[in-house]
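Subject: Structure handover, salt bridges

Hello,

Here is the structure for you to look at. My notes on its salt bridges follow below.

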Amino acid sequence: MPRILLVAQETGGVGKSTITRGLAEAVPDAAILEIESTHRLTEFPSLVAEAGATGKGRSAKGPSGEAQTGGVRHFPMRATREAIEASGGKAARAELDPVINALYTATGPTLVDIGANTSASLLGILADEAKSLREGGIELGLVVIVAAEAGALADAGKLLHGAKDWAARFVVANAVRGAVDPVILKRVVGDATVAQLRGFDLEDKAREVLAAGGLRGIVKLDRAGLAAQTSPAEAGRILRDLTAFRLAVMEVVKPAALWLVQG
């Protein structure tokens with residue numbers, strides 16, 4: 001039975017794409033649907049949807065036409081926050097039709113990276129679609145990223161509550177930008193499975209390297225090349241910090257990744 005794992009948070013900048021990258025590393029054969037205004041998961045192969053007469057995506061294929069797994073299909077979201085609010089969500093819902101169609105065609109583990117300001121709209125639709133997907137043999141799971149910001153905590157609570165009847169629920173409490181209050185966290189997450197990502201004080205150069213190659217780029221780093229750009233001591237420090245960060249991310253995604261592959 002195919003399982004689909006949605007990675008969501010209505011608030012931006014809380015580490016959602018980092019968690020998606022960790023899940024993609026843990027489940028390398030998983031297809032990835034990226035719902036963002038711009039394509040960000042550029043370190044993964046890009047896949048295109050083969051459209052039929054109805055315009056519905058039928059399969060994920062590489063540029064040369066071969067079937068592929070483990071790549072990204074990007075669904076650009078063009079509706080602005082103002083347009084979404086003015087239309088009561090209709091602007092976003094119209095754009096999400098191709099995403100819903102793609103979920104119905106899932107044949108294996110699938111990750112869905114949902115952009116900020118889009119999570120509530122998509123999960124609202126899935127509350128109605130979940131039964132039909134389940135009848136078609138597809139199970140849904142949800143990973144919500146929680147950060148110390150009050151807005152992120154409030155949004156997380158709403159997303160988790162809305163999915164309690166139709167999705168396996170997981171939470172990553174991201175302390176990279178500050179500790180998450182444990183009392184508030186417990187109240188927000190309810191009975192969802194929680195994993196804690198500890199805080200990391202990465203240097204600017206380490207952040208640049210991480211942004212350039214994502215988590216999968218860390219294991220490919222060449223110390224000699226990095227030392228030539230910086231210094232031997234700084235290169236060693238960057239490698240140690242990034243390796244520890246990657247390990248921590250892989251640990252926090254483990255519960256959700258195991259759920260995804262055990263379908």
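In this predicted model, Glu-36 and Lys-16 form a salt bridge, with 3.4 Å between the closest N and O atoms. The two residues come from distant parts of the chain: Glu-36 belongs to strand β2 (residues 31-36) and Lys-16 to helix α1 (residues 16-26), 20 residues apart. Both partners, Glu-36 and Lys-16, are buried.

Lys-16 also forms a salt bridge with Asp-113, where the closest N and O atoms are 2.8 Å apart. This pair again links distant parts of the chain, as Lys-16 is in helix α1 and Asp-113 in strand β6 (residues 110-114), 97 residues apart. Lys-16 counts as buried because its relative accessibility is 8%, under the 20% cut-off. Asp-113 has a relative accessibility of 0%, so Asp-113 counts as buried too.

These contacts belong to a network of salt bridges that links Lys-16, Glu-36, Arg-40 and Asp-113.

Another salt bridge joins the side chains of Glu-25 and Arg-246, at 2.8 Å from N to O. Here the chain positions are 221 residues apart, with Glu-25 in helix α1 and Arg-246 in helix α10 (residues 232-261), so the pair links distant parts of the chain. Glu-25 is buried, because its relative accessible area is 18% and the cut-off for buried is under 20%.

The count for the model comes to eleven salt bridges, including the pairs Glu-36 with Lys-16, Lys-16 with Asp-113 and Glu-25 with Arg-246.

Regards

Methods: Residues are numbered from 1 along each chain as its sequence is written. This is a predicted model: local features need pLDDT of at least 70, side-chain atom pairs count only at pLDDT 80 or more; totals for chains, interfaces and linings use all residues. Side-chain values use heavy atoms; hydrogens and water are left out. A salt bridge is a side-chain nitrogen of Lys or Arg within 4 Å of a carboxyl oxygen of Asp or Glu. Helices (H or I, at least four residues) and strands (E, at least two) are DSSP runs, numbered from the N terminus. Buried means under 20% relative accessible area, exposed over 50%, partly exposed in between (1.4 Å probe, protein chains only).
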